Amino acid sequence: MPQEVRGVVALKKSAPVSIETIVIPDPGPSEVVVRIETCGVCHTDLHYREGGINDEFPFLLGHEAAGRVETVGSAVTRVAVGDRVVLAWRAPCGECRACLRGRPWLCFDSRHQGSPMTLQDGTPLSPALGLGAFAEKTLVGEGACIKVDERVDPAAAGLLGCGVMAGWGAAVNTAPVRQGDTVAVLGCGGVGDAAIAGAVYAGARQVIAVDLDDRKLEWAKGFGATHTVNAGSGDVVQALRELTGGFGPDVVIDAVGRPETYKQAFEARELAGTVVLVGVPTPSMQLEMPLIDFFGHGGALKSSWYGDCLPSRDFPLLVELSLQGRLDLDGFVTERIALEDVEEAFHRMEKGEVLRSVVVF
């Protein structure tokens with residue numbers, strides 16, 4: 001029968017979030033109820049609260065989560081009650097054009113829950129990225145549940161659900177960084193540091209971290225950055241060229257997602273080098289550059305959605321690398337907070353005081 005749980009809801013645009021009672025229906029045939037153990041506080045949740053994604057309020061926020069499978073629908077085969085899972089907002093459908101062409105990481109029609117979660121008065125909720133995991137329990141589609149090793153700390157593993165996977169995948173899957181490449185990462189928050197870790201894993205010989213905050217640059221060193229550049233201290237493009245023998249990096253990853261940082265990435269890269277945009281711009285941002293520059297520079301300009309990951313393949317891999325000591329997943333967890341602290345965590349995130357705040361239930 002339906003359950004009532006607490007969850008973090010954005011009731012209207014730009015208003016502080018609130019704790020509301022959420023009604024979780026029984027799972028349909030291909031649905032799963034997950035008891036959430038942890039959920040990271042991500043910029044995307046703030047974008048939802050600010051109306052930057054769409055205006056389908058109210059939103060049940062949260063999407064970087066790990067938990068335990070509590071109830072499964074009659075047709076569920078991928079997971080079982082009691083499994084520890086990380087939630088993935090990309091759940092390939094297996095039927096769209098991308099899936100049928102063998103590119104499920106580009107799936108156009110992720111399969112999420114069909115049964116609505118609601119407020120107590122019956123108002124349907126829009127779950128963030130199809131998940132809605134700032135709640136004691138949530139209802140998701142079977143494909144969103146990725147079983148992972150029991151030994152991993154769920155607070156760290158849950159971050160694979162968005163930020164860590166996005167950054168890591170931007171370097172390893174989207175670019176992809178090759179052994180011996182030089183790499184620069186613009187923006188050293190959680191996504192940027194994950195891109196740094198991914199570049200190191202892929203065999204980059206030089207990884208340059210760029211940020212305005214010296215504290216973040218120090219954090220970046222912990223994930224493998226070999227050099228750092230404070231973007232407020234001079235010409236970033238010139239600094240990156242000087243650090244790479246005058247050529248520019250082979251790969252530049254923009255983990256900020258602003259016109260000015262994208263232009264820096266474009267201009268700094270090696271001739272015919274690669275730019276990867278993984279930072280999320282707002283809809284109002286515009287980029288104006290001479291078209292001849294695109295023609296004359298060559299190379300590749302790529303956008304990375306979710307690190308072009310395949311969750312069923314990549315989540316267990318990154319968990320295994322963490323257990324082997326080859327990826328510091330725990331290093332992304334800056335603080336552990338209660339559900340009631342999400343609004344304050346948004347403010348700390350905006351100030352750049354944390355890599356990730358993680359709600360622990």
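User: What should I know about the model before I start?

Analyst: This is a predicted model: local features need pLDDT of at least 70, side-chain atom pairs count only at pLDDT 80 or more, and totals for chains, interfaces and linings use all residues. Residues are numbered from 1 along each chain as its sequence is written, and side-chain values use heavy atoms, with hydrogens and water left out.

User: How do I read a nonpolar core, and which residues touch the most other members of the largest one?

Analyst: In soluble globular proteins, nonpolar side chains tend to be buried together. A nonpolar core is a set of buried Ala, Val, Leu, Ile, Met, Phe, Trp, Tyr and Cys residues joined through side-chain atoms within 4.5 Å. Buried means under 20% relative accessible area, exposed over 50%, and partly exposed in between (1.4 Å probe, protein chains only). Here the largest core has 51 residues. Leu160, Val164, Val177, Val183, Ile196, Ile253 and Phe315 touch the most other members.

User: Which helices and strands supply at least two residues each of this core?

Analyst: Helices (H or I, at least four residues) and strands (E, at least two) are DSSP runs, numbered from the N terminus. The suppliers are α3 (154-157), α4 (163-174), β11 (182-186), α5 (190-202), β12 (206-211), α6 (214-222), β14 (251-254) and α10 (311-323). The largest share, 6 residues, comes from α4. There is also a second, separate core of 33 residues, which includes Phe59, Leu87, Ala133 and Val359.

User: How many residues of α4 are buried, and what covers them?

Analyst: The helix α4 is mostly covered, with 10 of its 12 residues buried. Among them are Trp168, Met165 and Thr174. The cover includes β5 (64-72), α5, β14, β15 (274-277), β16 (300-303) and α10.

User: What does Val183 touch?

Analyst: Contact means heavy atoms within 4.5 Å. Leave out residues up to four places away in sequence, and Val183 touches Val177, Ala199, Ala204, Gln206, Val207, Ile208, Pro249, Val251 and Ile253.

User: Which strands pair with β6, and where do its residues point?

Analyst: Strand β6 covers residues 84-87. Arg84 and Val86 point one way, Val85 and Leu87 the other way, and all are buried. β6 pairs with β5 in the antiparallel sense over 3 bridges. In that pairing, Gly67 stands opposite Val85. Another 3 bridges join β6 to strand β10 (residues 145-147), again antiparallel. On that side, Val86 stands opposite Ile146.

User: How many disulfides are there?

Analyst: A disulfide is a covalent bond between the sulfur atoms of two cysteines. The rule used here takes a pair of cysteine sulfur atoms within 2.5 Å. By this rule the count is 0. For Cys99, the nearest cysteine sulfur is that of Cys96, 3.7 Å away. Cys99 counts as buried, at 13% relative accessibility. For Cys309, the nearest cysteine sulfur belongs to Cys162, 9.5 Å away. Cys309 is buried too, with a relative accessible area of 0%.

User: How do I read aromatic pairs, and how many are there?

Analyst: Rings of Phe, Tyr and Trp (its six-membered ring) pair if their centres lie within 6.5 Å; planes under 30 degrees apart count as stacked, over 60 as edge-to-face and the rest as tilted. The count is 7 aromatic pairs. Take Tyr48 and Phe59: they are edge-to-face, 4.9 Å centre to centre, with 65° between the planes. Tyr48 lies in helix α1 (residues 43-49) and Phe59 in strand β4 (residues 59-60), 11 residues apart. Tyr48 is buried, with a relative accessible area of 6%, and Phe59 is buried at 1%. Phe57 and Phe59 have ring centres 4.7 Å apart and planes at 65°, so this pair is edge-to-face. Phe57 is partly exposed, at 22%. Ring pairs link Tyr48, Phe57 and Phe59 into a cluster.

Definitions and conventions. Two strands pair if DSSP finds at least two bridges between them.
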